[in-house]
Amino acid sequence: MTFEVITIFPDFFHSILEHGLLKRATASGQVTIRLHDLREYTDDRHHTVDDRPFGGGPGMVFKPEPLFRAVEALQGEAPERSLRVILLSPQGRLLTQAVAEELSHAERLVLICGRYEGVDERVTEHLACDEISIGDFVMSGGELPAAVVMETTIRLLPGVLGNEESCEQDSFAVPAGSSAAEAQGLLDCPHYTRPAEFRNWKVPEVLLSGDHEEIRQWRHRRALEKTWRRRPDLLAQVTLSEEDRRWLESLKGTEL
Ligand code: SAM
């Protein structure tokens, strides 16, 4: 999988590319991340990428020409590998685990990082095929959102995470067999490690029992309970068994 990141701050990514998952995935060749300086696609002496908004108002807007030039140059480099062009934007569809899962099937993703007041709307309408937001808040630039999209997507690629870090049990994991467009999964269950007792707080007995079926059931119930208490909106999107429903019913009226 290849990410083509278009930004006015390519150096911004150096640190995240030298650590953890992104470093491993790129070093092993499973993923290629290319950084493209938008200023290299300008045609004036000052490498101008922005201009004042028509109609007045504060801030600057990314001009369309350098962005179209950059994407068209990338497409021309490897016409047989189709590009999926994504504009990072607070107005885009929300990044969820299911959206990341969907992106993880793309071969070549272009991530356009905006700045200032954003980008000329013609980029949104005629160049990008998707707009993605990392949440209902506004950041100063698309670089951190692009890093979030890459990290979330790359960890879903087969073989990138080792068994120890498997993402199947993670919060929101789309259950096997569901379509990616489908809803999210549950929140993850609580985790504990040694010592079994810390400052008088004991690890739940069942986790020390060695009874795998009991442990599986306990984890599933805790995941259901956490989701019900913290993110009941997610429950509406999950297929619950009769037993799940009975368990949730039994929680009603209980204090935390
Ligand atoms: N004026 C724009 C608006 O209100 O919708 C906000 C522009 S923001 C200051 C500058 C750039 O940061 C955007 O073009 C986008 O690339 C990026 N950005 C900011 N918040 C984002 C978010 N929540 N998700 C994705 N990208 C974001």
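Predicted model: local features only at pLDDT ≥ 70, side-chain atom pairs only at ≥ 80, totals over all residues.

Q: Which polar backbone atom lies 2.6 Å from an oxygen atom of the ligand?
A: One that belongs to Leu-88. A nitrogen atom of the ligand lies 3.3 Å from a backbone N or O atom of Ser-89. For Gly-135, a polar backbone atom is 3.1 Å from a nitrogen atom of the ligand.

Q: How much of the ligand's accessible area does the protein cover?
A: On its own, the ligand has 590 Å² of accessible area, and the protein covers 85% of that.

Q: Now the interior. What is the general idea behind a nonpolar core?
A: In soluble globular proteins, nonpolar side chains tend to be buried together. Here the largest nonpolar core has 31 residues. Phe-3, Phe-13, Ile-33, Leu-111, Met-150 and Ile-154 touch the most other members.

Q: Which elements give two or more residues to this core?
A: Strands S1 (2-7), S5 (84-94) and S6 (108-112) do, along with helices H2 (20-27), H4 (97-103) and H6 (143-154). H6 gives the most, with 5 residues.

Q: What does Ile-33 touch?
A: Leave out residues up to four places away in sequence. Ile-33 then touches Phe-3, Val-5, Leu-17, Thr-26, Met-150 and Ile-154. Another core, of 19 residues, lies apart from the largest one. Its members include Ile-6, Ile-8, Val-49 and Val-110.

Q: How should I read a helix such as H6?
A: Think about direction. An α-helix has 3.6 residues a turn, so residues three or four places apart point the same way. Then check length. H6 has 12 residues and reaches 16 Å from its first C-alpha to its last, close to the 16 Å expected.

Q: Is H6 mostly covered or mostly uncovered?
A: Mostly covered: 9 of its 12 residues are buried. Among them are Glu-143, Pro-145, Val-149, Met-150 and Ile-154.

Q: Last one. Where is Ser-104 found, and is Ser-104 buried or exposed?
A: Ser-104 is in the loop between H4 and S6. The cut-off for buried is under 20% relative accessible area. Ser-104 has 11%, so Ser-104 is buried.

Q: What does the Ser-104 side chain reach at 2.6 Å?
A: The backbone oxygen of Glu-101. Neighbours within four places in sequence aside, Ser-104 is in contact with Met-1, Thr-153, Leu-156 and Leu-157. Thr-153 is itself one of the buried residues of H6.

How values were computed:
Residues numbered from 1 in each chain as written. Heavy atoms only, no water. Core = buried A, V, L, I, M, F, W, Y, C linked by side-chain atoms within 4.5 Å. Buried < 20%, exposed > 50% of the residue type's maximum accessible area, 1.4 Å probe, protein only. Helix = DSSP H or I, 4+ residues; strand = E, 2+ residues; numbered from the N terminus. Contact = heavy atoms within 4.5 Å. Polar contact = N/O pair within 3.5 Å; in protein donor to acceptor, adjacent residues only side chain to side chain. Areas by Shrake-Rupley, 256 points an atom, 1.4 Å probe, with all protein chains shown as cover. Expected span 1.5 Å × (residues − 1).
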